[in-house]
Amino acid sequence: MNLAEKYAPLANRLSIGQYCPPKCFELAGKEFNFVIDTNEQCGDATLRFIDETTLEWRVKGEEEFKSATYECRKSDDWTYLVTYCMEGEPKENHTWIIDREQELVTFLRCVMGENPYWPYLIDSHWGFGYIKVEGKEHTDRRRHGFTDEVKGTAVKWTYGHELSTVHCYYHTNWYRIGYPKDDVRSKEAEETNNMFREMMKAMPGPDEPCFYVKIKEGMYLVSCTEQNMEKILGDKISFRSDTLCFLDNWNRMYSVGRGYGTSTMNGQEDRRIFVMIGKYASPVEVDEHFFTDPNPYLI
């Protein structure tokens, strides 16, 4: 029996989640109180991890707790990516970077429907702060924050045995994406890549808005949203303004993350996309024009 031949097609169906690491249950039974004192989402916040799958949360000084099913992954021994979706309206996802090494926290709130012209568009809102520790004053004024240190990087990210993309981080608030040919072996994977390449031909460029947040030395949170794709292609593709955030560990050249958005397909009812992601990095050379071409979406 050839196990690669037997299981590779099954693994391939996992798509962007194929190399996602196992769930992390270390936070079960713990409670975190945060002081978010920088950027939009300021206010006290609390996460109570009831068990391995359920947490209670409140943000911006709210008194009432709400419940959610959460996912947790680690990027190093001390740093956790925690994420969950709100039920009902507005459609909303919360992602937290809990940095126990530095006792800091990042809060990313992604909301769909705030733009009256583009109802599927997802907007990102940020907050940075620290973890309150009982009996200990937090005197360090430093916070996680936006950075330009990622600018100038090109990397191939591998999500599965036949799925990879090339990211070009050419600007403080934008990135570009490409789809390599050399990793594709099956007909199905090649058809998928060809579909994405044809899709990109209908776009002025593969540029999408992106946020880069420094968590610590060698670790960055990268969050990108397919806003231009949604504005130009709309329901011509099934993925609608997906937003992806990745906790990139450059010391180990791997990353954990989540994808959130909406799938519309064949006239069926909208389906929420919420997927956990793992990927590893390979340095790659790209043509210089990927860094120097003008952004077709800016004056």
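Is Thr243 buried or exposed? I looked that up before anything else, keeping in mind that this is a predicted model.

**Entry: Thr243**

Thr243 comes out at 0% relative accessibility, so I put it down as buried. I found Thr243 in strand E15, which runs over residues 239-249. Then I checked its side chain for partners: Thr243 and Thr225 are joined side chain to side chain by a polar contact of 2.9 Å.

**Entry: Lys216**

Next I went to a lysine. Lys216 sits in strand E13, residues 207-216. Its relative accessibility is 10%, and the limit for buried is under 20%, so Lys216 counts as buried. What does the side chain of Lys216 contact? I noted the side chain of Asp76, in a polar contact at 3.2 Å. I also noted Glu101, whose side chain has a polar contact of 2.7 Å with that of Lys216. So my picture of Lys216 is a buried lysine with side-chain contacts to Asp76 and to Glu101.

**Entry: aromatic pairs**

How many aromatic pairs does a search of the whole structure find? I got 16. I wrote down two of them in detail. A ring pair is described by the distance of the centres and the angle of the planes.

The pair I took up to begin with was Phe32 and Phe49: ring centres 6.1 Å apart and planes at 90°, so I logged the pair as edge-to-face. Phe32 belongs to strand E1 (residues 31-39) and Phe49 to strand E2 (residues 43-49), so this pair ties together parts that lie 17 residues apart in sequence. I looked up the burial of both partners: Phe32 is buried at a relative accessible area of 6%, and Phe49 is buried at 2%.

Then I turned to Phe34 and Trp96. Their ring centres are 5.2 Å apart and the planes are at 25°; planes under 30 degrees apart count as stacked, so this pair is stacked. Phe34 is in strand E1 and Trp96 in strand E6 (residues 92-99), so the pair ties together parts 62 residues apart in sequence. I have both Phe34 and Trp96 down as buried.

Which residues do the ring pairs link into a cluster? My list reads Phe32, Phe34, Phe49, Tyr70, Trp96 and Phe107. Both of the pairs I detailed have their members on that list.

**Entry: charges over rings**

I also looked for charged side chains over ring faces. Arg48 lies over the face of Phe65, 3.9 Å from the ring centre. Lys279 does likewise over the face of Phe246, at 3.3 Å from the ring centre.

**Entry: Asp44**

Back to strand E2, where I found Asp44. Asp44 has 47% relative accessibility, so it counts as partly exposed. I took one distance from here: the C-alpha atoms of Asp44 and Gly145 are separated by 18 Å, and the two residues are 101 residues apart along the chain.

**Entry: a nonpolar patch**

Last stop, the surface. Which residues make the nonpolar surface patch of about 480 Å²? I have Met1, Leu3, Tyr7 and Leu10. I followed up on Leu10, which lies in helix H1, residues 3-12. At 42% relative accessibility Leu10 counts as partly exposed, because that class falls between 20% and 50%.

Terms used: Residues are numbered from 1 along each chain as its sequence is written. This is a predicted model: local features need pLDDT of at least 70, side-chain atom pairs count only at pLDDT 80 or more; totals for chains, interfaces and linings use all residues. Side-chain values use heavy atoms; hydrogens and water are left out. Patches are made of residues with over 30% relative accessible area and no salt bridge: like charges are joined within 9 Å, nonpolar side chains (Val, Leu, Ile, Met, Phe, Trp, Tyr) within 5 Å. Accessible areas come from the Shrake-Rupley method with a 1.4 Å probe; for residues, only the protein chains shown count as cover. A salt bridge is a side-chain nitrogen of Lys or Arg within 4 Å of a carboxyl oxygen of Asp or Glu. Helices (H or I, at least four residues) and strands (E, at least two) are DSSP runs, numbered from the N terminus. Buried means under 20% relative accessible area, exposed over 50%, partly exposed in between (1.4 Å probe, protein chains only). Rings of Phe, Tyr and Trp (its six-membered ring) pair if their centres lie within 6.5 Å; planes under 30 degrees apart count as stacked, over 60 as edge-to-face and the rest as tilted. A charge sits over a ring if NZ of Lys or CZ of Arg is within 6 Å of the ring centre and within 35 degrees of the ring normal. A polar contact is a pair of N or O atoms within 3.5 Å; within protein, one must be able to donate a hydrogen and the other to accept it, and residues adjacent in sequence count only if both atoms are side-chain atoms.
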